[in-house]
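User: I would like to learn how to read a structure like this one. Please show it and take me through it feature by feature.

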Amino acid sequence: MSLSIGIVGLPNVGKSTLFNALTKAQNAESANYAFCTIEPNKAVVPVPDPRIEVLADIVKPQRVQHSTVDFVDIAGLVAGASKGEGLGNKFLGNIRETQAILHVVRCFDNDDVIHVANSIDPLRDIDVIETELILADVQVLENRIERMEKQLKGDKTLAPKIEAGKALLAHMNEGQPASTFTEELKGLDEILSELRLITAKNVIYCANVDEDGLVEDNDYVKKVRALAEERGAEFVKISARMEEELVGLEDEEYNEFLESYGITESGLHQIIRTGFHSLGLISYFTAGVKEVRAWTIHQGDKAPQAAGVIHTDFERGFIRAEIVAYDQYVEHGSESKCRSEGVLRVEGKDYVMQDGDVTHFLFNV
């Protein structure tokens, strides 16, 4: 399982610049005009986690494998996108499959970088994008309800799903995202699972600022931050242009660059950390001479579920898990030392995995 994040926003707000920086892939053309991204861009990026490097230094494996995050960047959306305006509408299907949405908003003034509305107003821009996403979801939901109604005569079990779908549709036709629909209805979970509505996903609001905005929140950033807090959504502040400049720097230069701006964490780290938090994800590790690897699971997953992320046979034939907490593994310096010192625990199928567990699964199929 990997974290997947879809990047949305108006044209020319820094989405493709951010994508280039985050993925260290210079294949998403950045240009100072709308609709320069005409194909959806996808990239798989290692999740930065210093713990895995520490484990690798101890174990000296043949290879190291980080958890990954998938970024999907689509063409900028504009007003009317749900009716075919612009190009972003064509690629909405690509972000329906993602787990979270990164909504990039321009929060800086620069006369040399055009804005599709010829003025900077982040709250207006957010409203334009969110309206189009709601309208796109409404269209998908209407089509699904129509199909179910045609099938109802031969399948009466569809009735609760149709009722749930219509209740959700009425909510969204009032301009509300699917995520704010709280009524408990039979069949609703099935509808949401089938349609993967964009507005049902967790949103991370991403304020894209210039160098000055990194040092101190400007008025644009304050408005976006306040909106995120009001909605209980996640918020990050980055400079896409600065992130692009970080690409390719050695560790020492990289850290010096961040320090020069008075920040300790890159935009990539912020976005992934925030994405993990918003979706309730954690990592556990396997550590052997062949491979040290991080695995992504949901907080609250039990040992058999975690084993199933490696292979379904591991979950099906789960016997037990041998577990050492990350800090104890590092303190004792090896699995054998952890075993002899009694800090290696044997856990059964009811054990709830903890972030950083160094784990060895025993199974039989």
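This is a predicted model: local features need pLDDT of at least 70, side-chain atom pairs count only at pLDDT 80 or more; totals for chains, interfaces and linings use all residues.

Analyst: Helices (H or I, at least four residues) and strands (E, at least two) are DSSP runs, numbered from the N terminus. Residues are numbered from 1 along each chain as its sequence is written, and side-chain values use heavy atoms, with hydrogens and water left out.

User: Is T98 buried or exposed?

Analyst: Buried means under 20% relative accessible area, exposed over 50%, and partly exposed in between (1.4 Å probe, protein chains only). T98 has a relative accessible area of 2%, so T98 is buried.

User: Which residues is T98 in contact with, leaving aside its neighbours within four places in sequence?

Analyst: Contact means heavy atoms within 4.5 Å. T98 is in contact with S4, I5, G6, V72, R196 and K201. As for L195, its C-alpha is 12 Å from that of T98, and the two are 97 residues apart in sequence.

User: How many helices and strands does the protein have?

Analyst: There are 15 helices and 12 strands. The radius of gyration, taken over C-alpha atoms, can be set against the globule rule, 2.2 Å times the number of residues to the power 0.38. Here the radius is 23 Å, close to the 21 Å that the rule gives for 365 residues, so the protein is as compact as a globular protein of that length. Along the principal axes, the C-alpha atoms fill a box of roughly 65 × 65 × 35 Å. Of the 365 residues, 50% count as buried. Among contacts between residues at least 6 apart in sequence, 68% join residues at least 24 apart.

User: How many salt bridges does a search of the whole structure find?

Analyst: A salt bridge is a side-chain nitrogen of Lys or Arg within 4 Å of a carboxyl oxygen of Asp or Glu. The search finds 23 of them. One pairs R231 with E130, with the closest N and O atoms 2.6 Å apart. R231 lies in helix 8 (residues 219-231) and E130 in helix 4 (residues 122-151), so this pair ties together parts that are 101 residues apart in sequence. R231 counts as partly exposed at 45% relative accessibility, and E130 as buried at 18%.

User: Where do K150 and E146 lie?

Analyst: An α-helix has 3.6 residues a turn, so residues three or four places apart point the same way. K150 and E146 are both in helix 4, 4 residues apart, about one turn of the helix. They form a salt bridge whose closest N and O atoms are 3.7 Å apart. K150 is exposed at 67% relative accessibility, and E146 is partly exposed at 43%.

User: Which parts of the chain do K302 and D350 link?

Analyst: K302 and D350 form a salt bridge, with the closest N and O atoms 3.9 Å apart. K302 sits in the loop between strand 9 (291-298) and helix 12 (303-310), and D350 in the loop between strand 11 (345-347) and strand 12 (358-363), 48 residues apart.

User: What are the buried residues of helix 12?

Analyst: They are A303, P304, A306, A307 and G308. Their cover includes strand 8 (281-287), strand 9, helix 13 (312-316), strand 10 (318-324) and strand 12.
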